[in-house]
Amino acid sequence: MIGAVGGIGGGLLTLSAQLRSLDAQHRAEERRWLADLRRETYTGFVTCAKQLSNAVWKASDLLHGDSGVEDWESARLSVHDAWTQFSAASAAVTMAGPRTVAATAEELREALRRWELVTGTWIQAAIQQGTGNLAEHDRQFMAGFEAKKPLEVAFQVAARRALGTDI
């Protein structure tokens, strides 16, 4: 009887240790999965932000050059398409979290939205006036550019902290 109780007790201890090990392994896999998800999401967000910036700068180049209405309208559509992609990537970051990264992503999203809107307004004014050389619109464009720069850095810092790569 004593041997049987000892055997059962030993079996229960072994089972308990195995369950703890499986639980720890499961938690480690969840952390790895979340880190991979966030890394992919953050990378997509940064990529889309760069694509939006590229589209906006191309529009600015066209507005400063000898382009006309057709090119400006094409640029407006490109900027809008890039905004749509960026907005979706921003929503993904908000869902992936954590809150600190989501908050910095939202700040950057708002700054890029303002920059995108300034660009659209500039394009509309160029179409109406027949010229893209509009100093006030150019000034607002550059102000939008300057406003977004520190927010890009803030997002990258928050993302590195969340991923544990800021060492």
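User: What does leucine 112 touch, not counting residues up to four places away in sequence?
Analyst: Leucine 112 touches Ala49, Leu52, Ser53, Trp83, Phe86 and Lys148. Contact means heavy atoms within 4.5 Å. This is a predicted model, where local features need pLDDT of at least 70, side-chain atom pairs count only at pLDDT 80 or more, and totals for chains, interfaces and linings use all residues. Residues are numbered from 1 along each chain as its sequence is written, and side-chain values use heavy atoms, with hydrogens and water left out.

User: Leu52 is on that list. Where is leucine 52 placed?
Analyst: Leucine 52 sits in helix α1. Helices (H or I, at least four residues) and strands (E, at least two) are DSSP runs, numbered from the N terminus.

User: Is leucine 52 buried or exposed?
Analyst: Leucine 52 counts as buried because its relative accessibility is 0%. Buried means under 20% relative accessible area, exposed over 50%, and partly exposed in between (1.4 Å probe, protein chains only).

User: And which residues does leucine 52 touch?
Analyst: Leaving out residues up to four places away in sequence, leucine 52 touches Val79, Ala82, Trp83, Phe86 and Leu112.

User: How many residues are in the largest nonpolar core?
Analyst: That core has 35 residues. Phe45, Leu52, Phe86, Val93, Leu112 and Phe155 have the most contacts inside it. A nonpolar core is a set of buried Ala, Val, Leu, Ile, Met, Phe, Trp, Tyr and Cys residues joined through side-chain atoms within 4.5 Å.

User: Which element gives the most to this core?
Analyst: α3 does, with eleven residues.

User: What is the reach of α3 from its first C-alpha to its last?
Analyst: α3 has 31 residues and reaches 44 Å, close to the 45 Å expected at 1.5 Å a residue. The expected span is 1.5 Å times one less than the number of residues.

User: New topic. How many cavities of 30 Å³ or more are there?
Analyst: The structure holds one. On a 1 Å grid over the protein atoms alone, a cavity is a set of points where a 1.4 Å probe fits but cannot get out.

User: How much space lies in the largest cavity?
Analyst: About 40 Å³. Grid points are joined across faces, edges and corners, and a volume is the space filled by probe spheres set on the points.

User: Which residues line the largest cavity?
Analyst: Phe45, Val46, Ala49, Lys50, Leu108, Glu152, Phe155 and Gln156. Lining residues have an atom within 4 Å of a point. α1 gives the most to this lining, with four residues.

Note on methods:
1 Å grid on protein atoms, 1.4 Å probe; cavity = no way out; pocket = protein on both sides within 12 Å on 5 of 7 lines; lining within 4 Å.
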